[in-house]
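User: Please take me through this model in questions and answers, with the criteria stated wherever a term is used.

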Amino acid sequence: MRRGISVLLTVILMMIPVACKTDVNRKIHQRYANLKSYTARVRVSVNGNKGTEVYELSQSFCAPDRYRTEVISPKRMEGTLSVIAGGRMWYRSAGTPAIRMEQGFFQEGRDYLFLHDFLEEYFKESTAPLTENEEGLVLLAAPVRGDQAYRFTQNLWIDAKSNLPRTLVTYDEKGNEMLRVEYEDFVVNPALSDSVFEP
């Protein structure tokens, strides 16, 4: 009898990590596979030849194709705005009126500064089970993207308790960090009025 209880207890304990992994997969998939909109304050670090530039931005997204980014800092760029909606783009430099960019002048397509574009590609191609690390973060690793000249990969870390995104990092083909986006005040599926995506 005791041996039977020991075997049963061992089997149950072995199943707990599998159940936790499945639970993490399910929760993250439910929250992000059909993300309709979000707002966030983000800190963006861009690594270039002259060092690292850091920006604070507000982001708004509404599926399928409406994006808004406004610079909060540095002060010299505060108020700089870009809006993409329905294949049209407006840009406003700090303190100037918004101008509409003509198609062909800007490249329409995915913007990997936005979480939605990463997630859409990730859920299309990745079926690997997700695991939580010792810091309480879950890693979503995306496959290689880009053309031959500009290939890159991306990793997204999500807080396992809140299921909110923490950091999205873009690496070049050699594994060097190019871009880091850190999320704060992230709101999933808020109701956003059309006026948010007007210049």
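**Surface, fold and ring pairs**

Analyst: The protein chain exposes about 12300 Å², of which carbon and sulfur atoms supply 53%; accessible areas come from the Shrake-Rupley method with a 1.4 Å probe, and for residues only the protein chains shown count as cover. This is a predicted model, in which local features need pLDDT of at least 70 and side-chain atom pairs count only at pLDDT 80 or more, while totals for chains, interfaces and linings use all residues. Residues are numbered from 1 along each chain as its sequence is written, and side-chain values use heavy atoms, with hydrogens and water left out.

User: What pLDDT does the protein chain average?

Analyst: pLDDT is the predictor's confidence in each residue, from 0 to 100. It stays under 50 over residues 1-21, for which the model has two contacts beyond four places in sequence, and under 50 over residues 104-109, for which there are six such contacts; a contact means heavy atoms within 4.5 Å. In the protein chain 80% of the residues score at least 70, and the average pLDDT is 81.

User: Which pattern does the protein chain follow along the sequence?

Analyst: Helices (H or I, at least four residues) and strands (E, at least two) are DSSP runs, numbered from the N terminus. The protein chain has two helices and 10 strands. Read along the sequence, their pattern is α-β-β-β-β-β-β-α-β-β-β-β.

User: Why does the pair of tyrosine 67 and phenylalanine 114 count as edge-to-face?

Analyst: The structure holds eight aromatic pairs, where rings of Phe, Tyr and Trp (its six-membered ring) pair if their centres lie within 6.5 Å, with planes under 30 degrees apart counted as stacked, over 60 as edge-to-face and the rest as tilted. For tyrosine 67 and phenylalanine 114 the ring centres are 4.8 Å apart and the planes stand at 75°, so the pair is edge-to-face.

User: How many residues apart in sequence are the parts that this pair ties together?

Analyst: Tyrosine 67 is buried, with a relative accessible area of 10%, and phenylalanine 114 is buried at 1%, where buried means under 20% relative accessible area, exposed over 50% and partly exposed in between (1.4 Å probe, protein chains only). Because tyrosine 67 lies in strand S3 (residues 66-73) and phenylalanine 114 in the loop between strand S6 (99-101) and helix H2 (115-125), the parts that the pair ties together are apart in sequence by 47 residues.

User: Which side chain has a polar contact of 2.7 Å with the side chain of glutamine 59?

Analyst: Glutamine 59 has its place in strand S2 and is buried, with a relative accessible area of 1%. Leaving aside neighbours within four places in sequence, glutamine 59 is in contact with residues including Phe114, Tyr183 and Tyr38. A polar contact is a pair of N or O atoms within 3.5 Å; within protein, one must be able to donate a hydrogen and the other to accept it, and residues adjacent in sequence count only if both atoms are side-chain atoms. The side chain joined to glutamine 59 at 2.7 Å is that of tyrosine 38.

User: What is the length of the polar contact between the side chains of glutamate 56 and arginine 41?

Analyst: Glutamate 56 is found in strand S2 (residues 51-62) and, at 24% relative accessibility, counts as partly exposed. Beyond four places in sequence, glutamate 56 is in contact with residues among them Arg41, Val42 and Glu70. The polar contact joining the side chains of glutamate 56 and arginine 41 is 2.8 Å.
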